[in-house]
Amino acid sequence: QQSLHNVSGISHSKMLKKQVLKVVGETAMRVDPNLSRQEKFEVFCRVVDNLAADGRISKAQQRSWTHLF
């Protein structure tokens, strides 16, 4: 199984949420088209956490993208 935070399509420049959602969604569908909404969000959160750790997005972006309330 491929690592979802290293998929092609995510550049080394600063990321936009729209870009991340597109790449994560496309990759998740290739890995398992039967993921539930919750599972897709969990994958998205892991990817966002890794992007923040790599410095590709800011901590503020990470927080706003993954904390819904």
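This is a predicted model: local features need pLDDT of at least 70, side-chain atom pairs count only at pLDDT 80 or more; totals for chains, interfaces and linings use all residues.
1. Overall fold. The protein chain contains three helices and zero strands, and along the sequence these elements follow the pattern α-α-α. Of the 69 residues in the protein chain, 32% are buried. Among the contacts in the protein chain with a separation of 6 or more, 58% are accounted for by residues 24 or more positions apart.

2. The core. The largest nonpolar core is a set of ten residues, made up of Val 20, Val 24, Val 43, Phe 44, Val 47, Val 48, Leu 51, Ala 52, Ile 57 and Trp 65. Two or more residues of this core are given by each of α1, spanning 17-31, and α2, spanning 37-53. The largest share, six residues, comes from α2.

3. Packing of α2 with α3. The axes of α2 and helix α3, the latter formed by residues 59-66, come within 9 Å and cross at roughly 175°. Angles over 145 degrees count as roughly antiparallel, and α2 is therefore roughly antiparallel to α3. On the α2 side, the contact is made by Phe 41, Phe 44, Cys 45, Val 48, Asp 49 and Ala 52, while α3 contributes Lys 59, Gln 62, Trp 65 and Thr 66.

4. The salt bridge. A search of the whole structure finds one salt bridge, in which the side chains of Glu 26 and Lys 22 meet at 3.1 Å, N to O. Side chains of opposite charge can pair when their charged atoms come close. Both Glu 26 and Lys 22 lie in helix α1, four residues apart, which is about one turn of the helix.

5. Glu 39. This residue is found in helix α2, where Glu 39 is partly exposed, with a relative accessible area of 36%. The C-alpha atoms of Glu 39 and Ala 28, which are eleven residues apart along the chain, are separated by 9.5 Å.

Methods
Residues are numbered from 1 along each chain as its sequence is written. Side-chain values use heavy atoms; hydrogens and water are left out. A nonpolar core is a set of buried Ala, Val, Leu, Ile, Met, Phe, Trp, Tyr and Cys residues joined through side-chain atoms within 4.5 Å. Buried means under 20% relative accessible area, exposed over 50%, partly exposed in between (1.4 Å probe, protein chains only). A salt bridge is a side-chain nitrogen of Lys or Arg within 4 Å of a carboxyl oxygen of Asp or Glu. Axes are lines fitted to C-alpha atoms, for helices over the stretch in contact, and angles run from 0 to 180 degrees between N-to-C directions. Angles under 35 degrees count as roughly parallel, over 145 as roughly antiparallel, 65 to 115 as roughly perpendicular and the rest as oblique. Contact means heavy atoms within 4.5 Å.
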